[in-house]
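I opened a new structure today and kept notes as I went. Here they are, in the order I looked things up.

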Amino acid sequence: MKIALPDTQGRLADYTLTGTPVAQAVLPANPARIVYSAAHVVADPFTASDPSGRAAVDWDRTMAFRRYLAGLGLGIAEAMDTAQRGMGLDWPGALELIRRTKAELPEALVGNGCGTDHLDPSDARTLDDVIRAYLEQVEAIQAVGGRIVLMASRALARVATCPEDYLHVYGKVLSACDQPVILHWLGEMFDPALAGYWGGSDFDATLETVLAVIEQNLARVDGIKMSLLDKDKEITLRRRLPAGVKMYTGDDFNYPELIEGDDQGFSHALLGIFDPLAPAAAYAVNRLAEGDRAGFRTALDPTVPLARTIFRAPTQYYKTGVVFLAWLNGFQDHFIMLNGHQAMRPLPYFTEVFRRSDACGLLRDPELAVRRMKALLAVHGA
């Protein structure tokens, strides 16, 4: 099967598809690694609202995708940045998403993003403002029986002046959580407003602050998701975590090595890239359970070039690539995103994602993917 794809000058050349769809597998109840897929949302393309207005979500397709993830045995990281949290999906929309997922998949493994995004950072004046905002979301999520992923706060990054401020705020918030939570260390490459989080820019110093937060609230911390796209930093923290506290990799560049681990430990996974890579993730982790480390790497290593393309700088626009693949693979009928984010990447990005998805077997129905790619090319005049 062929498709003519343009280069950056618009010159067309035939590309022949070669990929074989990845093998199917379902994770068991107790997998070798805990795997959360941070899931995207499907926009309603027929809304009369402007893209800059209130998010309009296609709830049927959004929930169908979550049923698909749960059917593979994957956990769902709900209402996180992959769902355009803070980049199109506001707190009321996030809470509705959390409620619907809990109602439709009550037995699924779900962690729900809890932050302060209903508080405009410019309106935050004190640490107490941030604490109140966090606690409002904690209460709402726990009221529906949801477990929490404690997201980084733009408002806290704005008002905090030292590491002790982070210790104070996290201590207050964690004391209100009724189940152990997953903390989230999100780097500024994902959200520039989080620059200086944990009270500084020096990794060694901020590492000590994070460890202090965990150690002072040990009974209320299940683990930490680290999204710095730096495997050495993740391994450094992983080796210093207290016993029983899990590392969940959020490194969308180096996940095969980090999940496989070494003789001193391994990372579980909470990854945005495991939205489009869901079948490969399920198959690979099943290989680990069989003791087949080589099979695990054979399944996941070929997906890394695709992940690095999707998450290339500016990294915060990776959601565009995630939703593009969901459209190519038939999980939705359109390529429209909240806040108009389908326009946040150029055409060569999409052609590269198409090629790399084919190369690692992540086009479920190549004929459908080709038809839809041709439709996108036509919109661009190619």
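This is a predicted model: local features need pLDDT of at least 70, side-chain atom pairs count only at pLDDT 80 or more; totals for chains, interfaces and linings use all residues.

I started with charge: the chain has 38 positive and 47 negative side chains, where Lys and Arg count as positive, Asp and Glu as negative, and His and the chain ends are not counted. The centres of the two sets lie 3 Å apart, with each charge placed at NZ of Lys, CZ of Arg, CG of Asp or CD of Glu.

Residues are numbered from 1 along each chain as its sequence is written, and side-chain values use heavy atoms, with hydrogens and water left out.

**Overall build**

I found 14 helices and ten strands in the chain; these are DSSP runs numbered from the N terminus (helices H or I, at least four residues; strands E, at least two). The radius of gyration is 20 Å, close to the 21 Å of the globule rule for 382 residues, so the chain is as compact as a globular protein of that length. That radius is taken over C-alpha atoms, and the rule is 2.2 Å times the number of residues to the power 0.38. I also looked up the extent of the C-alpha trace, about 60 × 50 × 40 Å along the principal axes.

Of the 382 residues, 56% count as buried (under 20% relative accessible area; exposed is over 50%, partly exposed in between; 1.4 Å probe, protein chains only). Next I checked contacts, meaning heavy atoms within 4.5 Å. Among those with a separation of 6 or more, 72% are between residues 24 or more positions apart.

**Cores**

Which residues have the most contacts inside the largest nonpolar core? I got Tyr-170, Phe-274 and Phe-354, in a core of 124 residues. Such a core is a set of buried Ala, Val, Leu, Ile, Met, Phe, Trp, Tyr and Cys residues joined through side-chain atoms within 4.5 Å. A second, separate core has nine residues, including Tyr-36, Ala-38, Tyr-248 and Leu-270. In soluble globular proteins, nonpolar side chains tend to be buried together.

I then followed Tyr-170: setting aside neighbours within four places in sequence, its contacts include Tyr-134, Leu-150, Leu-183, Trp-198 and Asn-217.

**Single residues**

Trp-198 sits in the loop between strand E7 (181–186) and helix H6 (203–216). Its phi is positive, about 75 degrees, although it is not a glycine, and at 1% relative accessibility Trp-198 is buried.

Leu-229 also has a positive phi without being a glycine, about 55 degrees. I placed Leu-229 in the loop between strand E8 (221–227) and helix H7 (231–238), buried at 17% relative accessible area.

Is Leu-271 buried or exposed? Leu-271 is buried, at 0%, and belongs to strand E10 (residues 268–271). Beyond four places in sequence, Leu-271 touches Tyr-36 and Ala-38, among others. Its C-alpha is 8.9 Å from that of Lys-225, 46 residues apart along the chain.

I found a cis peptide bond between Ala-313 and Pro-314, with omega about -5 degrees. Pro-314 lies in the loop between helix H11 (304–310) and H12.

My last stop was His-341, in the loop between helix H12 (318–328) and helix H13 (347–359). His-341 is buried at 8% and, leaving aside neighbours within four places in sequence, contacts Gln-84, Met-87, Tyr-317 and Thr-320.
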